Amino acid sequence: MRIGRYSFDDIRHTYVMGILNVTPDSFSDGGRHNALDAALFHAEKMIAEGADLIDIGGESTRPGYTMISEEEEIRRVAPVVQAVTERFECPVSVDTYKSKVARVVLQAGASLINDIWGLKYDKNMGAVIAEYQAACCLMHNRENAITGNFKEQLYADLEDTVSLAKEAGIREDGILLDPGVGFGKTYEQNLKVIGCLEELNRLGYPVLLGTSRKSVIGNTLDLPVDQRVEGTIVTTVFAVQKGCRFVRVHDIAENVRAIRMTEAIMYG
């Protein structure tokens, strides 16, 4: 897979996407990094701990979130994108589902758009990604949880997303799929997604798992958001074993070590 000028081996290694929220209300770390200096410091720390790319988000998408305007999202994100890409040798992703925001941040230096609606919210998003020859992470999401055959419908939804990407002209080596743990799913369905990760590889694109500190971990272990590191690491190890090529996490050093140990055991 190619993200900007960086190539990623999508066969035998799992990469770490570090989360940089520049929002006042993110579920896990809201308000901690929404000043430019604080954001740069945290980005530098994550890269030093082993993050392979940085995912910058300007709008919280936690359950019950309040949508902000495109202008406000751009104001929060674009300066951070520009500053991070100018200072660090690391590809930058932006977590947005709005094509106007995507266009601005791609112009500012972002290499990947992380769309939580998998091109299904903004009909112009695919065209913008294709125009800039950017990479994209396309997530499975629904307004209502799946009823009936969960796996069958999950695959069908992701296949629809891939079709949208191809129709828009997004390059084949720039597509990453995310099964969307925590989005439009019941607790049981979130566990099922993690349990069937290897089956998503049949879609033919690298898979990203994003479970870091999420409610599926909190509900399972009955723990608050700031005590979910171990639970997240278990899902990361599972992701490596199941062939996921990326994980999106808050706690970089711990997850990087878990990946290195797992891969050492698996590959020698």
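## Questions on helices and strands

Author: In this predicted model, helices H5 and H6 are roughly perpendicular to each other.

Reader: At what angle do helix H5 and helix H6 pack?

Author: Helix H5 covers residues 150–168 and helix H6 covers residues 187–195. Angles of 65 to 115 degrees count as roughly perpendicular, and H5 and H6 are therefore described in that way. Their axes lie 11 Å apart, and the packing angle is about 70°.

Reader: Which residues of H6 make the contact with H5?

Author: The residues of this contact divide into three nonpolar, one polar and two charged. H5 contributes Phe150, Lys151 and Leu154, while the residues from H6 are Gln189, Lys192 and Val193.

Reader: Which strands stand at the edges of the sheet?

Author: The open sheet has eight strands with parallel pairing, in the order E8-E7-E6-E5-E4-E3-E10-E9. A strand at the edge has a single partner strand, so one side of it is left without a neighbour in the sheet. The edge strands are E8 (175–178) and E9 (208–209).

Reader: How many residues of strand E4 are buried?

Author: Strand E4 comprises residues 53–57. On one side Leu53, Asp55 and Gly57 are buried, and on the other Ile54 and Ile56 are buried, so that both faces are covered. The number of buried residues in E4 is five of five.

Reader: Which residue in E5 stands opposite Gly57?

Author: E4 pairs with strand E5 (residues 92–95) in the parallel sense over four bridges. Within E5, the residue opposite Gly57 is Asp95.

How values were computed. Residues are numbered from 1 along each chain as its sequence is written. This is a predicted model: local features need pLDDT of at least 70, side-chain atom pairs count only at pLDDT 80 or more; totals for chains, interfaces and linings use all residues. Side-chain values use heavy atoms; hydrogens and water are left out. Two strands pair if DSSP finds at least two bridges between them. Helices (H or I, at least four residues) and strands (E, at least two) are DSSP runs, numbered from the N terminus. Axes are lines fitted to C-alpha atoms, for helices over the stretch in contact, and angles run from 0 to 180 degrees between N-to-C directions. Angles under 35 degrees count as roughly parallel, over 145 as roughly antiparallel, 65 to 115 as roughly perpendicular and the rest as oblique. Contact means heavy atoms within 4.5 Å. Ala, Val, Leu, Ile, Met, Phe, Trp, Tyr, Cys and Pro count as nonpolar, Asp, Glu, Lys and Arg as charged, and the others, Gly among them, as polar. Buried means under 20% relative accessible area, exposed over 50%, partly exposed in between (1.4 Å probe, protein chains only).
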